[in-house]
Amino acid sequence: NFIRDLDYQNRYSEYPKIQRLIKLKDDILAKRASPGMSLKCDLKTFDLASLGTKFDVVLLDPPDLSTWTLDELKALKVGEVSDHQSFVFLWCGETHLEHARELFKKWGFRRIEDICWVKTNRQAPLDARGSVKQQSVMYGDHSIIQRTKEHCLVGVKGTVKRSVDTHFIHANCDVDLIMEEEKSFGSTHKPTELYETIEHFCLGRRRLELFGRDRNLRDGWLTLGNGLTTDNWDKETYLKWFEGEIQWPEVKDYKGGKLLGSVQEIETLRPKSPVRPGRKRSRSLSPRRRMAGPSTGAGGWRAARASRDYDYEEDEKPLPEDLGEMAPPIPKEEIEAA
């Protein structure tokens, strides 16, 4: 047996079309990436809404529950600062999968994917017998088998369809498995490959990372956290970078537009979602969806989603994998407060 698509650098060496696709996307990403910004703050007291914008992607790597309680994490306004179509990526180790699902439901997201980081030890020091030196045990007090992986759950807010919303997502460009060397024992450092997966997948340019540290600073991202040593946040400047509706190739730098943009060659090369028997690709919306859709504002969107009164034409019904794990209806009092 072997693990498919193991090494990121050589993953597409036998797939020249995908290799070309990734290069084209990376070229555009490099030119459209806004300069990295950071804001040192205590997320327990900082109001995320004060950032003044909605985000297309939110990435979180929460600290241990000994320093943050689950209720404190639920209180983060992740859903409020996420746009009506958006994604959340949440690192949850291996023992907090159920907690992550609780957070998704509280924030108004549906789980759609599970990215798994399998930790390798190819660079680990060897003992005199040629075996890997075990500096620390890899299991916990309640483990049954040794733990060598971590999970990052992916959630979606709103209705995002792979075959229709191609201005916002390009599905299946990367895989759901990260194979990367484990860090030193106890380290919270996560693979940088996840950033590349997110950027290839979601064409929204407004990306927010919470609980970030200096090592997480990256062009194209706004990083917040109490562990940062730098702070260059400038709200007015940041918001200007995303004004208007322009995108690549109309603009070839980071100034303007919420979407990355694309070119015809990318559209030709990127993997397409299969059309199911009896289904047709259609961009048409039912009259009811036009009235109850995101254009009615956050309140209308919430009310429609909460009542499950959001109708699709037959061709527009989401596939099961698009639905993910359905979040519960938002409580009536929250809708009225909005």
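Predicted model: local features only at pLDDT ≥ 70, side-chain atom pairs only at ≥ 80, totals over all residues.
**Entry 1: Leu224 and its neighbours**

I started at Leu224 and listed its contacts (heavy atoms within 4.5 Å): leaving out residues up to four places away in sequence, Leu224 touches Leu39, Cys41, Leu43, Phe46, Leu48, Leu51, Leu208, Glu209, Leu210, Phe211 and Gly212. Numbering runs from 1 along each chain as its sequence is written, and side-chain values use heavy atoms, with hydrogens and water left out.

**Entry 2: the cores**

Next I looked up nonpolar cores, meaning sets of buried Ala, Val, Leu, Ile, Met, Phe, Trp, Tyr and Cys residues joined through side-chain atoms within 4.5 Å. Buried is under 20% relative accessible area, exposed is over 50%, and partly exposed is in between (1.4 Å probe, protein chains only). The largest core has 32 residues, and Leu60, Trp107, Leu210 and Leu224 touch the most other members. Elements giving two or more residues to this core include strand E1 (37–40), strand E2 (55–60), helix H3 (97–107), E7 and E8. H3 gives the largest share, four residues. I also found another core apart from this one, with 21 residues, among them Leu59, Val156, Tyr195 and Ile198.

**Entry 3: helix H4**

Is H4 enclosed or open? Eight of the nine residues of helix H4 (residues 193–201) are buried, so the rest of the structure largely encloses this helix. The buried ones include Glu193, Glu199 and His200, along with Leu194 and Phe201.

Most residues other than glycine have a negative phi, and most peptide bonds are trans. I checked for exceptions.

- Trp248 and Pro249 are joined by a cis peptide bond, with omega about 10°; Pro249 sits in the loop between helix H5 (235–240) and helix H6 (264–269).
- Asn172 has a positive phi, near 70°, in the loop between strand E5 (149–157) and strand E6 (177–181). Asn172 counts as partly exposed, at 46% relative accessibility.
- Phe211 has a positive phi too, near 65°, in the loop between strand E7 (207–210) and strand E8 (221–225). Phe211 is buried, at 15% relative accessible area, and is one of the residues Leu224 touches.

**Entry 4: whole chain**

I counted ten helices and eight strands in the protein chain, taken as DSSP runs numbered from the N terminus (helices H or I, at least four residues; strands E, at least two). Of its 338 residues, 44% count as buried. Among contacts with a separation of 6 or more, 76% come from residues 24 or more positions apart.
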